[in-house]
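Have the sequence and the model open side by side as you read. We will walk through a few local features together, starting with a term that helps in reading them.

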Amino acid sequence: MLKANTKHKYMILAIGDLHAKEKLSYNDYVDRSSERQEILDFIVEQAKDCETVVFLGDVFDKKDPAASVTRDVARLFERFKGKQLFAIAHPGENIENSY
C-alpha cells in the first residue's frame with residue numbers, strides 16, 4: 001500500500017498560450033522589451049518551488065517563428081534547469097489554417 005508523503009507537496013506549474021512572437025501587437029510604436037522580460041522573469045519565479053513545468057501548447061504564435069523568437073524560448077526553457085520540463089505541441093486554433 002502506498003502512503004501519501006505529507007511532508008512534501010509535488011508542485012507543477014502549467015503555462016498555457018504563451019504565443020511568443022517577434023513583436024507584440026501594441027509594440028509597433030512603443031518599446032516593450034523590458035515588459036516582456038518582466039513577464040518571463042515572473043513565470044520563472046513562479047516555478048521556483050515546482051518540480052515540473054508544463055507548457056500546454058501555443059508556445060509560438062505561428063508554425064515558423066523567427067529565429068530570434070525560437071532563441072528566446074530556448075533561453076526561457078534553459079532557465080528551468082533541474083526541473084522536469086514538458087511542452088505539448090499541437091496546432092492551435094489561431095494558426096491551424098497555416099499548416
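Two residues are said to be in contact when they have heavy atoms within 4.5 Å of each other. This is a predicted model, so to speak: local features need pLDDT of at least 70 and side-chain atom pairs count only at pLDDT 80 or more, while totals for chains, interfaces and linings use all residues. Residues are numbered from 1 along each chain as its sequence is written, and side-chain values use heavy atoms, with hydrogens and water left out.

## A cysteine and its partners

Let us begin with C50, which sits in the loop between helix 1 and strand 2 (52-55). Helices (H or I, at least four residues) and strands (E, at least two) are DSSP runs, numbered from the N terminus. Which residues does C50 touch, leaving aside its neighbours within four places in sequence? They are M11, I12, L13 and K83. The C-alpha atoms of C50 and I12 are separated by 5.3 Å, although the two residues are 38 apart along the chain.

Is C50 buried or exposed? Buried means under 20% relative accessible area, exposed means over 50%, and partly exposed is in between (1.4 Å probe, protein chains only). C50 is buried, because its relative accessible area is 6%.

## The nonpolar core

A nonpolar core is a set of buried Ala, Val, Leu, Ile, Met, Phe, Trp, Tyr and Cys residues joined through side-chain atoms within 4.5 Å. The largest one here has 15 residues, and those with the most contacts inside it are L13, I15, I43, V53, F55, L76 and F80. Strand 1, helix 1, strand 2 and helix 2 each supply at least two residues of this core. In soluble globular proteins, nonpolar side chains tend to be buried together.

Beyond its neighbours within four places in sequence, F55 is in contact with I15, L18, L76, F77, F80, L85, F86, A87 and I88.

A pair of aromatic rings is described by the distance of the centres and the angle of the planes. Rings of Phe, Tyr and Trp (its six-membered ring) pair if their centres lie within 6.5 Å; planes under 30 degrees apart count as stacked, over 60 as edge-to-face and the rest as tilted. By this rule there are two aromatic pairs. The rings of F55 and F77 have centres 4.9 Å apart and planes at 50 degrees, so this pair is tilted. It links distant parts of the chain, with F55 in strand 2 and F77 in helix 2, 22 residues apart.

F55 is buried, at a relative accessible area of 1%, whereas F77 counts as partly exposed at 24%. F55 also pairs with F80, and here the arrangement is edge-to-face: 6.1 Å centre to centre, with 65 degrees between the planes. Because F55 lies in strand 2 and F80 in the loop between helix 2 and strand 3, the pair ties together parts that are 25 residues apart in sequence. F80 is buried, with a relative accessible area of 2%. F55, F77 and F80 form one aromatic cluster.

## Salt bridges

Side chains of opposite charge can pair when their charged atoms come close. A salt bridge is a side-chain nitrogen of Lys or Arg within 4 Å of a carboxyl oxygen of Asp or Glu. How many salt bridges does the structure hold? There are three, listed here.

| D41 | R79 | 2.8 Å |

Most residues other than glycine have a negative phi, and most peptide bonds are trans. D17 has a positive phi of about 55 degrees, although it is not a glycine. H19, also not a glycine, has a positive phi of about 50 degrees.

Where is D17 found? D17 is in the loop between strand 1 (12-15) and helix 1 (33-46), and H19 lies in the loop between strand 1 and helix 1. D17 counts as partly exposed because its relative accessibility is 48%. H19 counts as partly exposed at 23%.
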